[in-house]
Every structure is written in structure tokens, then in C-alpha cells.
Amino acid sequence: MTEVEEVLVQTKARSNQDVLNYPIRLNNYLVALGGVVSTADGAPTQVSYDVFATLSKQLDEQLAKWKQILYTDVPAYNDLVHKQDVPAIILAKPGDTGGNAGNQ
């Protein structure tokens with residue numbers, strides 16, 4: 001999932017100026033294209049259509065990967081967790097004041 005997410009959005013950016021430190025991702029390109037097209041007085045240029053087609057193709061590739069994860073990997077993971085009898089919620093024992101409730 002991280003691979004798809006990191007193509008779509010810059011996960012390291014914490015502020016608007018972080019784009020100076022980390023490369024922009026697909027969502028930024030789409031937003032920038034939308035800004036260019038929406039501020040023009042006329043119809044979008046052919047270059048805008050070409051950029052949209054390129055970005056759209058990249059987005060479709062990531063959505064296909066996401067669907068693969070969602071319909072194959074997630075159910076396989078859930079089956080493995082179920083077979084291993086891993087509890088969905090791990091509760092601290094009464095009186096446990098330590099911060100290691102998840103290690104029980």
C-alpha cells in the first residue's frame with residue numbers, strides 16, 4: 001500500500017514548504033494542471049490535454065495496483081491473521097501501567 005501511496009502523494013511533506021525538500025507527486029501535478037486550466041480565459045490547450053492524458057494514465061496504473069492489493073492482498077492478509085488467531089484488539093491486563101500492552 002505504501003508504494004501506491006507514495007506515488008500518489010508526498011508522504012514526507014508536513015508543511016507547504018516541504019515541496020522544496022521532497023519531490024511532488026501525482027496529486028500535486030493534477031492540482032497544478034487544474035489550476036492552469038481553470039485560470040485560462042479559453043478552452044484548455046492541446047498541451048493541457050496531453051498532460052492530463054499522461055497523468056490520467058499514471059493514476060489508472062496506481063488504481064489498478066490498489067485494486068490488486070484490495071482484492072487479493074488484503075483478503076490474504078486477513079486469512080493469515082485469522083489462521084494465526086491474532087486478536088483484533090489487544091487489551092492491557094488489569095493493573096498493567098506499563099506502556100507495553102501491545103507486547104502481550
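In the protein chain, the mean position of the 8 positive charges and that of the 12 negative charges lie 4 Å apart. The structure is a predicted model.

The secondary structure of the protein chain consists of three helices and zero strands, giving the pattern α-α-α when read along the sequence. Along the principal axes, the C-alpha trace of the protein chain spans about 70 × 35 × 20 Å.

Of the 104 residues in the protein chain, 9% are buried. Among contacts in the protein chain with a separation of 6 or more, 36% are accounted for by residues 24 or more positions apart.

Met1 is located in the segment before α1, the helix formed by residues 2-8. Because its relative accessibility is 58%, and exposed means over 50%, Met1 counts as exposed. When neighbours within four places in sequence are left aside, Met1 is in contact with Trp66 and Ile69. The C-alpha atoms of Met1 and Asp73 are 9.6 Å apart in space, while the two residues are 72 residues apart in sequence.

How values were computed:
Residues are numbered from 1 along each chain as its sequence is written. This is a predicted model: local features need pLDDT of at least 70, side-chain atom pairs count only at pLDDT 80 or more; totals for chains, interfaces and linings use all residues. Side-chain values use heavy atoms; hydrogens and water are left out. Helices (H or I, at least four residues) and strands (E, at least two) are DSSP runs, numbered from the N terminus. Buried means under 20% relative accessible area, exposed over 50%, partly exposed in between (1.4 Å probe, protein chains only). Contact means heavy atoms within 4.5 Å. Lys and Arg count as positive and Asp and Glu as negative; His and the chain ends are not counted. The place of a charge is taken as NZ of Lys, CZ of Arg, CG of Asp or CD of Glu.
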